[in-house]
Amino acid sequence: MSGDTVYLAGVVAKSLDKDIKGQTKEVLDEIERLLAKCGSSKSKLLSAQIWVTDIRNRTPMNEVWTGWVDPSNMPARACIESRLADPRALVEIMVIAAK
């Protein structure tokens, strides 16, 4: 946290045996938990960076993201294909939010 801004480092799923939807849901649940711990929420997201290991997983990841994010407060977002530190991880998400 810095002032009234919350910065979360890239979050990956703990259960890396799940598919892209399962991992995305787990990551978003953890982000929501961390935001609440910092006095923020998903409705206060300012930006998000999403890395997927295979761009073909963007659509199913996006289905979970769209169902989770506050439609009245959509953050600026980028989704990029990239290798992640653990080859079993399919998605990593980093967010910045207002407090």
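Me: What makes S1 and strand S4 (residues 91-98) count as paired, and which way do they run?
Reply: In this predicted model, six bridges join S1 to strand S4, and the two run antiparallel. Two strands pair if DSSP finds at least two bridges between them, so with six bridges S1 and S4 count as a pair. As one detail of this part of the structure, Val-12 stands opposite Glu-92 in S4.

Me: Why are strand S1 (5-12) and S3 called edge strands?
Reply: The open sheet has four strands in the order S1-S4-S2-S3, with mixed pairing. Strand S1 (5-12) and S3 each pair on one side only, and these are the edge strands. From one strand to the next, the twist averages 10°.

Me: Why does Ser-72 count as exposed?
Reply: Exposed means over 50% relative accessible area, and because Ser-72 has 63% relative accessibility, Ser-72 counts as exposed. Ser-72 lies in the loop between helix H2 (58-68) and strand S3 (76-81). Ser-72 and Ser-43 are 29 residues apart in sequence, while their C-alpha atoms are 7.7 Å apart in space.

Me: Which residues have the most contacts inside the largest nonpolar core?
Reply: This core has 28 residues, and those with the most contacts inside it are Ile-31, Leu-45, Trp-65, Val-91 and Ile-93. Two or more residues come from each of S1, helix H1 (20-37), strand S2 (45-52), H2 and S4, and H1 gives the most, with six residues.

Me: What does Ile-31 touch, not counting residues up to four places away in sequence?
Reply: With those residues left out, Ile-31 touches Leu-8, Val-11, Trp-68, Ile-93 and Val-95. Contact means heavy atoms within 4.5 Å, so each of these residues has a heavy atom within 4.5 Å of one in Ile-31.

Technical notes: Residues are numbered from 1 along each chain as its sequence is written. This is a predicted model: local features need pLDDT of at least 70, side-chain atom pairs count only at pLDDT 80 or more; totals for chains, interfaces and linings use all residues. Side-chain values use heavy atoms; hydrogens and water are left out. Buried means under 20% relative accessible area, exposed over 50%, partly exposed in between (1.4 Å probe, protein chains only). Axes are lines fitted to C-alpha atoms, for helices over the stretch in contact, and angles run from 0 to 180 degrees between N-to-C directions. A nonpolar core is a set of buried Ala, Val, Leu, Ile, Met, Phe, Trp, Tyr and Cys residues joined through side-chain atoms within 4.5 Å.
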